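Please read each point with the sequence and the structure in view.

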2 protein chains.
Amino acid sequence: MGRRSDHTRSELKTLFVDEGRRQLARTGLAGFSARDVAKRVGYSIGTLYNVFGSYDGLVLAINARTLALWGDHLRQRLAAPGGDRIATLVDGYFDFAAREPRAWIALYEHHMADGAPAPEWYQAVVADLMGMVAAEIAAALPSAEPSGVLSLARSLLATVHGHCFFSVYRTFDMLGETAPIDAALARVREAIAAARA
Amino acid sequence: MGRRSDHTRSELKTLFVDEGRRQLARTGLAGFSARDVAKRVGYSIGTLYNVFGSYDGLVLAINARTLALWGDHLRQRLAAPGGDRIATLVDGYFDFAAREPRAWIALYEHHMADGAPAPEWYQAVVADLMGMVAAEIAAALPSAEPSGVLSLARSLLATVHGHCFFSVYRTFDMLGETAPIDAALARVREAIAAARA
DNA sequence: ACACACAATTGAGCACTGTTCAATAATTAT
DNA sequence: ATAATTATTGAACAGTGCTCAATTGTGTGT
């Protein structure tokens, strides 16, 4: 069968993850097929399992890549000088989800088969994103104590997530909401103002 | 095979939906099997398809029942005299989700196979819940205009949903949050206070 | 140069899924 | 009693995730 050294193990990983992301973006998690990913990459299903261990392993790798890209997306937007950094963060949250809704949804809809929590290395990627948010909230509340800042940052992340979720899931369409980003930002601003007082 | 008139069509529906809900609560949507529901009820898979038309039809019926129960749950709590009605609503949102997390999750994780929106009769059940929330927000803001009330009600629903989502999905565990209901209620109170001012 | 050990790759096979539909059985109408 | 109708069945189909014996490519030791 003869392609033992066509690709290194990490090249293989990239191949599968890239093709997997493409397929996920097209079909969503429900229609996602590891077999089809393997076929399209040109390797057998056996090789995919050799590399990722399981279906969960593949999806986890794909989701980690999506999270990393999300982080890059936010950092890039924050790097622009000036501007309202909180608004940039909120907008970046929505923008990324809107650009690849199915991949974004898969971030949340995928669960480990045994119900176990995600592995450490994956949680670290999530913690990195949380850190970005916390840093901006801290900057907006110079005189607040760290634990309060963290708590508020988590709550505001949940607030923005809820709005983004209803937006991507079309729940807001159903309820007649047309400006979810504005609404999310308004809630965030109110909470920060209240924390300042 | 001989049970043509054991159950009427609507009795059959109830049978399948009840057993389906039981199974959904145990296995979650990913492990849910229409075949197994049929087997447990004692009818063939063909009969299930005759009644619901498709897998989506069955899950939709199950989810509609879950939504109705959620509404009953909230109404029952609100019916108690006195008390903080906003806090009751927020608490009821979390409480129901925590009691049957897998059924609650299925409410959001199920999507029509063709990506189409949910049928009218299903949307009506959702609208009913939204109406309950809007009524309470309106009561909290006596002098506000109706369109503003509706807009705020949608936004606060999203806010609470985001907190509840992170709670049920264990994201908050991962981030160290231990009092998500308090956080959600605080955000809601701030927003209402800001709307009053 | 050759044989041997090792590691990567394969794909048929298993138990499961949702879905269809001809055949069959039970009921109702004539 | 016979015919028409309707409910019910389950085998068949194409697909899924997953396993593992067999095969093939590579590297090493002599």
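This is a predicted model: local features need pLDDT of at least 70, side-chain atom pairs count only at pLDDT 80 or more; totals for chains, interfaces and linings use all residues.

1. In chain A, the C-alpha centres of domain 1 and domain 2 are separated by 29 Å. Domain 1 of chain A covers residues 1–53, whereas domain 2 covers residues 62–196.

2. Which residues make up the contact between these domains? Domain 1 of chain A contributes seven residues, and domain 2 of chain A contributes 10 residues. On the side of domain 1 of chain A that touches domain 2, there are four nonpolar residues, two polar residues and one charged residue.

3. Chain B is superposed on chain A by a rotation of 180 degrees, with 0.0 Å of shift along the axis and an RMSD of 0.0 Å. The two copies are therefore related as by a two-fold rotation axis. Within chain B, the C-alpha nearest this axis belongs to B:Gly162, at 1.8 Å from the axis.

4. Through which surface do the copies meet? Of the interface residues of chain B, 100% are also interface residues in chain A, so the copies meet through the same surface.

5. For A:Ala153, when neighbours within four places in sequence are left aside, the contacts are A:Val133, A:Ala134 and A:Ile137.

Note on methods
Residues are numbered from 1 along each chain as its sequence is written. Chains are lettered from A and ligands numbered from 1 in the order in which they are written. Domain bounds come from an automatic or database domain assignment. Two residues are in contact if their C-beta atoms, placed from the backbone, lie within 7 Å. Ala, Val, Leu, Ile, Met, Phe, Trp, Tyr, Cys and Pro count as nonpolar, Asp, Glu, Lys and Arg as charged, and the others, Gly among them, as polar. Copies are superposed by least squares on the C-alpha atoms of residues with pLDDT of at least 70 in both.
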